[in-house]
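Morning, everyone. I have one structure to go through today, and I will keep to what can be computed from it. Please have a look at it first.

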Amino acid sequence: MLENFSFRTIVEYLPLFGQGLVTTVWLSALSFVGALAVGIVLCAMNLQRGWLFRTPAKAYIDAVRATPLLAQLYFLYFGLPRLGFVLPELVVGILALSLNSGAYVAEIIRAGILSIPRGQVEASVASGMTYVQRMRLVVLPQAFKVTIPPLLGQAIVLVKDSALLSLISVAELTRAGQLLASDRFMPAEGFLTIAAFYLLLYYCLKGLATLSGRWLGTAGART
Amino acid sequence: MIWQQFISLAGSYPLALRGIGMTVVLSLISLVLGTLLGFGLGILRTGGNRLIASVIGAWVDLIRGTPFLVQIFLIFFILPEFGIELDAFTAGIIALTNLAACFICEIVAAGIRSVPTGQVEAALASGLSRWQRMRQVVLPQAMRIVLPPLVGQYVLLIKDSSVVSAIGLTDLTRVGWLVVQRVPNGLLVFFLVGVGYFIVCYPLIMLARRLERRMGAAHGEVQL
């Protein structure tokens, strides 16, 4: 049993956990911004009529969704140096998370845009609006409402996925737990503590998703 | 140069086969166990007993709120402290089954809740037992809602099985990691690893999409 559970060691390592938590938060936030950028571009390509932009976007989204993040991470980690890009692990990690989540974000935004009834678009065409006006004034404001809860769900997934970066030795939260586990042979203290920190982040984001659902008058997020 | 790498890669095919075998076995066992357990939990979650339902809800939340990597470490390193000796394979199966069961539980519960109460009341009025009600009235109707996300969940499970490489199981991803130490071409090696997963996952993704369309149509929803 865990009769030797040492809270003292946890307190001793608290600064390390704190740093890990902060790193996890900001690298997830940065990756989420990256994912939004990737997702918007992919979605715009995917909604084109011509195949020239659509096919590559669809292929990319399918390829990302059908392979594990860990394999994608190793692909970049071991592959980029071969192309002449020697980047720090942290940058590779953020890149991998952005490119991975971007594919899911693209699908979320697309679902949001397609959820706008056809009549709305037709009415704005009839009112003589240009494509940009139609998007900006009619489609996007309504789509925004529908996309926020699932986007927050994706943010939760992203924070959890960021734990995999510990496997390419990025000094984030999970890495801090691993360090405690291997330095002091205290896996229980290390991993239970980081699990608690991840739960904290999870409940914060989940609360935010519920609140946003209430403000926007849509159903709560599904994670 | 690239030719030599191909020869060298071809030489490591026994390792690759072992990795594919491991990924398939891990996914398959935890898929079956996770589905059974998930359906059981999902039925209990909507079964009317508040205490059981909230205990299951809390557990599902714990599992959904923590990274899978951390769950694997917890199971692999901490269960032995409770006197349960585990090898990496068993730990991997337990972690994957638990994860699948929790997500499937939520999917099944959502499906059951979607069945109109009138159906259950009619079944009650016809004198069907609890078990008959579930098996003959509720579950068949719930399956329409359950099936598409269930298939999607299987894709997630196969992908998540790659994370067990962190506790030293030689699955497909781990094989890629081992091979790349000898053949220093990460692009090629992990492209091939990706192809391996893609061959299994992509048809499943297509199936999920198809099911979603068909089930949507069965519901009489208008496709835009």
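I'll start with contacts in chain A: among those between residues at least 6 apart in sequence, 74% join residues at least 24 apart. Bear in mind throughout that this is a predicted model.

Staying with chain A, the make-up is nine helices and zero strands. Read along the sequence, that gives α-α-α-α-α-α-α-α-α. The C-alpha trace of chain A spans about 75 × 45 × 25 Å along its principal axes. Of the 223 residues in chain A, 43% are buried.

There is one annotation to mention. An unreviewed UniProt entry places "domain: ABC transmembrane type-1" on residues 21–210 of chain A.

Now the interface. How many residues of chain B are in contact with chain A? The count is 34, and they meet 34 residues of chain A. On the chain B side, at least two residues each come from helix 3 (50–65), helix 4 (68–78), helix 8 (172–182) and helix 9 (186–218). Helix 9 of chain B provides the largest share of that side, 11 residues. Sorted by class, the side of chain B that touches chain A has 23 nonpolar, eight polar and three charged residues.

Helix 4 of chain B deserves a separate look. Is this helix mostly covered or mostly open? Mostly covered: nine of its 11 residues are buried. The buried run in helix 4 of chain B includes F68(B), Q71(B) and F76(B). What lies over these buried residues? The cover includes elements from both chains: helix 8 (173–184) and helix 9 (187–216) of chain A, and helix 3, helix 5 and helix 7 (130–160) of chain B.

Last, I104(B). Setting aside neighbours within four places in sequence, which residues is I104(B) in contact with? They are G34(B), T35(B), G38(B), F39(B), G42(B), L150(B) and Q153(B).

That is what I have; questions are welcome.

Key: Residues numbered from 1 in each chain as written. Chains lettered and ligands numbered in written order. Predicted model: local features only at pLDDT ≥ 70, side-chain atom pairs only at ≥ 80, totals over all residues. Contact = placed C-beta atoms within 7 Å. UniProt positions renumbered as here; feature names shortened; annotations may be inferred. Helix = DSSP H or I, 4+ residues; strand = E, 2+ residues; numbered from the N terminus. Nonpolar A, V, L, I, M, F, W, Y, C, P; charged D, E, K, R; others polar. Buried ≥ 20, exposed ≤ 12 C-beta atoms within 10 Å, placed from the backbone.
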